[in-house]
Amino acid sequence: MSAAKSEAQATSGDSPAPVVICGAGIIGCSVAYYLAKRGVRSILLERVSIASAASGKAGGFLALDWCSGALNSLARESFRLHEELASELGADVIDYRRLDTLSVVFGNSSQSHSGASDLPDWVTGRVTECGLLGSQSSTAQVHPGKLTAALARKAAELVGSEVRIATVTGLQWSSEPDPATGQFRVSHVLVSGGQPPIACSAVVLAMGPWTDAGLAWLSQPTGQVRGHRAHSLVVQPAEPVSPHALFTQMDAGRASPEFYPRPDGTVYVCGLGDDPPLPDSSDLVKPDEKRSDRLWRLAAACSDRLGRGRLLAHQACYLPLAERGLPLIGRAPGKHNAFVAAGHSCWGILNGPATGRMLADLILDGRCGFIDHRPFAF
C-alpha cells in the first residue's frame with residue numbers, strides 16, 4: 001500500500017482526508033472518477049466551472065491507433081475505456097458513438113475529382129481526393145463537456161466527491177518529513193478569497209496549460225507546459241448530415257479544418273491555431289475574429305448545408321502542450337504525495353480516462369497496474 005493511500009484512508013477527526021485535484025477538466029474529473037471507483041473521495045478545485053477551458057470546447061474525436069510511441073498504449077487503453085464509460089454513464093448522456101473518418105482534399109474547379117463514392121452527400125465543395133482514415137472499429141466521438149460533467153457527477157454519487165469553485169494559490173507542506181520516504185508531503189492546498197486551507201491526503205495538479213505555474217509550487221522547473229490557441233465553431237446545419245468525421249486540406253493546403261458531426265445534429269468545426277500569450281484564466285480566453293471568420297468561410301466551402309446553417313458558437317481554447325512531447329503524468333520528483341497530469345495536447349479527451357486511471361493507481365498503489373507509466377514520469 002502506498003503512503004498516499006494510507007493518508008487517504010487515515011482520518012482527520014471523523015472524515016477521511018480527501019485527494020485534492022486542482023482543475024476540473026477532463027483530466028481532473030477522470031482522476032476523481034477512478035479514485036471514486038476505488039472508494040476514495042476527492043475535492044475538485046476549479047477557478048471558473050467544470051470544463052470551462054479546452055475540455056468544454058474540444059471536438060471529442062477519439063482514435064484507437066493514431067498515437068505513436070509511448071502514447072500508443074495509453075491511447076488504446078483509453079479508447080477502450082471510453083466505450084466502457086459510455087456503458088456506465090450512458091452513451092446518450094455523453095453523446096458517444098462510433099463513426100467513420102475520412103481524409104478529404106479540396107481543390108479548385110479545374111482539378112479532377114476522385115473518390116466520389118466515398119463522399120457523404122453533405123460535402124458539396126470541389127473534392128480532388130477522398131480516402132478512409134478510420135472506420136467504426138477504430139474511430140469514435142464523445143461530447144467532451146458532457147463527459148467531463150458526467151465523470152464529476154458519478155464521483156459525487158459514488159463517494160461524495162465534490163467540485164468547489166476556488167482559485168488555488170499554493171501548497172502547504174508538512175513540518176516533518178514522511179517517516180517512510182524522508183520526503184515532505186503536501187498537507188493543505190491554499191486558496192484565495194480568505195478561504196481556509198483545504199487538508200488533503202494527496203494533491204493532483206491537472207490545470208491544463210496553467211499547470212506550468214503550479215510546477216513552481218513543487219520546486220520543479222517551469223516552462224514544461226504551454227498553451228496553443230485553437231479556434232472552433234459549432235454550426236447547426238440547414239439540413240441533417242451523416243456521421244462522418246472529416247480531416248481536410250483546403251485553400252491549396254494552407255488550412256486543415258476538421259469537421260465532426262455530433263449526435264445532437266450540430267457540426268463542430270476546428271482549426272487555424274495560433275500562439276498568443278496565455279490569459280490568466282479560462283474565462284478570459286477569446287477567439288481571433290479574423291480566424292473565426294475564415295473558419296466559417298471554409299465550412300461553407302466544404303458544405304452548403306453548413307454555409308446555409310446557423311452559427312451557434314465561435315470560440316477558442318488553449319491546448320496544453322508539453323515541451324518534451326509526451327504529457328507529464330506521475331508523482332513530482334522528491335514529493336511524497338504531489339502528482340501532476342498535464343500536457344496532453346489535442347489528445348486530452350482521448351487520453352483523459354486512461355490518465356485518470358493511471359493517476360488513481362499511482363496515488364493509491366504507488367504503481368500503475370495496466371500500463372508502463374515510466375515514459376510519462378518526470
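Buried area is the accessible area (1.4 Å probe) that two parts lose on being put together, summed over both. Keep that in mind for the first stop. What you have open is a predicted model, where local features need pLDDT of at least 70, side-chain atom pairs count only at pLDDT 80 or more, and totals for chains, interfaces and linings use all residues. Residues are numbered from 1 along each chain as its sequence is written, and side-chain values use heavy atoms, with hydrogens and water left out.

**Stop 1: the two domains**

Start by colouring residues 19-94, 142-224 and 323-376 as domain 1, then 110-134 and 230-318 as domain 2. These bounds come from an automatic or database domain assignment. Taken over C-alpha atoms, the centres of the two domains are 30 Å apart.

Now look at where they meet. Between them, domain 1 and domain 2 bury about 1,400 Å², and 65% of that is on carbon and sulfur atoms. On the domain 1 side, select K57, W66 and W210: they lose the most area to domain 2, together 40% of what that side buries. Counting contacts (heavy atoms within 4.5 Å), 14 residues of domain 1 touch 18 residues of domain 2.

How many salt bridges run between domain 1 and domain 2? The count is 0. For a pair to qualify, a side-chain nitrogen of Lys or Arg must be within 4 Å of a carboxyl oxygen of Asp or Glu.

**Stop 2: a serine in a loop**

Next, pick S138. You'll find S138 in the loop between strand 8 (127-134) and strand 9 (139-141). Strands (E, at least two residues) and helices (H or I, at least four) are DSSP runs, numbered from the N terminus.

Is S138 buried or exposed? With a relative accessible area of 11%, S138 is buried; the cut-offs are under 20% for buried, over 50% for exposed and in between for partly exposed (1.4 Å probe, protein chains only). Show what surrounds S138: setting aside neighbours within four places in sequence, its contacts are L62, A63, L64, D65, F79 and R98.

**Stop 3: salt bridges**

Side chains of opposite charge can pair when their charged atoms come close. By the rule above, the count comes to 22 salt bridges. Here are some to visit.

Select K37 and E88, which form a salt bridge with their closest N and O atoms 3.2 Å apart. K37 lies in helix 2 (residues 26-37) and E88 in helix 4 (residues 70-94), so this pair ties together parts that are 51 residues apart in sequence. K37 is partly exposed at 44% relative accessibility, and E88 is partly exposed too, at 33%.

Then jump to R308 and D304, whose side chains meet in a salt bridge at 4.0 Å, N to O. R308 is partly exposed at 49%, and so is D304, at 35%.

**Stop 4**

Finish at strand 10 (residues 162-165), where V163 sits. V163 is partly exposed, with a relative accessible area of 31%. Select I50 and I165 alongside V163, and you have a nonpolar surface patch of about 210 Å². Patches are made of residues with over 30% relative accessible area and no salt bridge, joining like charges within 9 Å and nonpolar side chains (Val, Leu, Ile, Met, Phe, Trp, Tyr) within 5 Å. The areas come from the Shrake-Rupley method with a 1.4 Å probe; for residues, only the protein chains shown count as cover.
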